[in-house]
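Dear colleague,

Please find below the structure that I am handing over to you, together with its sequence. My findings follow it.

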Amino acid sequence: MEYSFSKTMAYKDLSKHLLEIRGVHLKEMFEQDPHRFEKFSIRLGPILFDYSKNRITQRTMDLLIELANEAGVKKKIGAMFSGDIINITENRRVLHWALRAPRGVKLSIDGRNIIEDIHSVLHRIKVFVSDVRSGVWRGFTGKKISNIVNIGIGGSDLGPRMIVKALDFLIPEDINLYFVSNIDPAHIKRTLNRLDPEQTLFIISSKSFTTQETMQNAKVAREWIVENLKNELAVERHFVAVSTNRDGVVRFGIDEKNMFEFWDFVGGRYSLWSAIGLSIALGIGFENFEELLKGANMVDEHFKNSDFKDNIPVIMGLLDVWYTNFFGCSTYAILPYSQCLEDLPNHLQQLIMESNGKRVTLDGREVEYITCPVIWGRVGTDGQHSFYQLLHQGTHLIPCDFIGFVRNPYGVQEQHNMFMANFFAQTRALMQGKDEVEVMGELKTSGMSEDEIKKLLPHKIFPGNRPSSSILIDELTPYTLGALIALYEHRVYVQGCIWNINCFDQWGVELGKQLAKDIIDKLSPGYICNTYDCSTNGLITYYNTRSDK
């Protein structure tokens with residue numbers, strides 16, 4: 001029988017179970033079971049995953065695992081790790097996991113062991129990183145490279161940018177990293193204004209070497225180098241490429257020896273582990289980049305081999321389905337309690353929403369259920385003074401992930417303890433809340449009159465019963481950061497397996513690009529547009545009549 005998520009027996013059982021559990025408060029669940037933390041937490045190396053503050057019982061988890069079994073999740077995990085073509089709309093394998101597989105693993109694709117090819121590129125990256133950081137590779141005028149600018153967009157920008165910012169404490173003082181993604185000229189111009197062209201290396205990160213935003217910014221950077229260094233030959237010493245388009249790279253003026261390849265089985269949002277991570281390796285050093293890969297590989301093995309009841313990405317994905325499709329939650333918050341992970345919510349937005357923001361199943365039928373929550377978030381404690389009001393007392397039920405570290409990479413443990421006290425307090429407050437009796441007692445103790453209490457009482461009540469999961473990691477290192485990102489990557493695939501959608505294409509980004517290519521020809525001072533709908537025509541005409549003022 002063909003799999004259909006909403007027609008499975010587990011789906012029907014979960015729908016009935018929801019009616020039994022919906023009225024039970026999380027506070028009651030903890031009062032009834034003092035061993036709840038032990039039952040609903042998993043330790044994986046330096047990572048503790050606590051999901052006990054979710055609106056679940058053991059029966060919930062049993063039914064969710066039955067759902068995973070009915071969806072064939074184990075078989076689908078095996079298909080990905082076997083190199084089967086699971087990205088069916090693009091006829092591609094999905095092998096981002098292979099980018100972090102150790103040498104010695106064998107995976108034959110079209111008669112070649114792709115793991116050997118991957119490690120060959122890694123060796124080239126290692127040599128290049130050593131040359132740049134040691135000063136063997138120098139700019140056109142002989143000066144040592146100190147500024148590295150990654151020009152890319154989407155997965156060629158968000159992942160590396162996030163890693164570099166997170167591990168900034170590992171970057172030596174004589175290296176400065178910049179990321180340019182937006183086609184808004186302000187982005188490239190403001191970056192160039194900070195730089196010395198004699199000491200600047202540009203990495204052009206584009207699989208196709210045709211991406212509009214990336215290539216326009218690359219063109220501006222190229223013109224800047226040639227104008228300042230007065231020689232076209234300077235391009236060879238100040239530009240390298242990460243791409244699959246050798247001809248396009250050479251036409252740009254980059255020596256093909258300075259092109260680092262990757263493969264079409266690597267989607268952009270999964271590509272930081274590939275040569276797209278060249279900026280990461282240049283910043284934190286190749287040995288630390290290898291640690292990033294090792295941490296992710298540890299999670300790959302856990303995901304592939306662990307029973308579902310002990311499998312962190314599987315449980316994370318199943319909880320997403322529980323809240324999205326049964327509680328009707330349309331949004332999910334990522335709340336890192338680490339300033340180092342400031343850009344993590346941005347990276348996970350693309351990873352999750354570009355992967356699973358789909359409206360048709362693998363066989364092309366329109367889905368009858370929500371397939372992906374809106375992902376957003378901000379670092380604590382900033383978020384507490386921004387949107388936590390809505391989390392605690394708003395009308396939306398918003399599941400949250402809290403991510404924190406036992407030790408701070410900058411030391412100052414006393415201040416870090418203050419920081420993490422907020423982490424623990426927020427998860428407890430969301431779970432427990434504060435009921436009418438507690439609020440009444442507090443207000444009476446403060447000396448308020450009965451009338452004052454009556455007016456203020458409803459405003460001070462916290463309903464609680466708001467679910468959250470906690471990921472507590474010993475310390476922030478390349479290894480643990482690699483593991484954390486891999487947990488989310490595999491979580492996304494579990495969601496897709498349950499929802500029966502393709503996690504690995506992204507056709508939704510194409511239409512706007514196509515229209516923009518047509519509209520660019522209509523943007524000219526004084527041109528009156530009548531090609532499109534009245535709103536688009538009006539906007540373009542208004543723009544054209546004012547752009548030359």
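A residue is called buried here when its relative accessible area is under 20%. Please keep in mind that this is a predicted model.

I begin with helix α17, which covers residues 413–432. The helix has 20 residues and spans 28 Å from its first C-alpha to its last, close to the 28 Å expected at 1.5 Å a residue. Its buried residues are His416, Phe419, Met420, Phe423, Gln426, Thr427, Leu430, Met431 and Gln432. An α-helix has 3.6 residues a turn, so residues three or four places apart point the same way. Among the elements that cover the buried residues of α17 are the helices α2 (26–32), α16 (388–393) and α18 (436–445), as well as the strands β12 (331–337), β14 (400–407) and β15 (468–475). After α17 comes Gly433, with a positive phi near 70°.

The largest pocket has a volume of about 1000 Å³. It is lined by 38 residues, of which Thr211, Gln506, Val509, Glu510 and Lys513 are the closest to its centre. Two or more lining residues come from each of β4 (92–93), α9 (212–229), α15 (344–356) and α21 (510–519). The largest share, four residues, belongs to α21.

Lastly, Thr191 lies in helix α8 (residues 185–192). Thr191 counts as buried because its relative accessibility is 4%, under the 20% cut-off. Leaving aside residues up to four places away in sequence, Thr191 touches Val149, Tyr178 and Val180.

Yours sincerely

Technical notes:
Residues numbered from 1 in each chain as written. Predicted model: local features only at pLDDT ≥ 70, side-chain atom pairs only at ≥ 80, totals over all residues. Heavy atoms only, no water. Expected span 1.5 Å × (residues − 1). Buried < 20%, exposed > 50% of the residue type's maximum accessible area, 1.4 Å probe, protein only. Contact = heavy atoms within 4.5 Å. 1 Å grid on protein atoms, 1.4 Å probe; cavity = no way out; pocket = protein on both sides within 12 Å on 5 of 7 lines; lining within 4 Å. Points joined across faces, edges and corners; volume = space filled by probe spheres on them.
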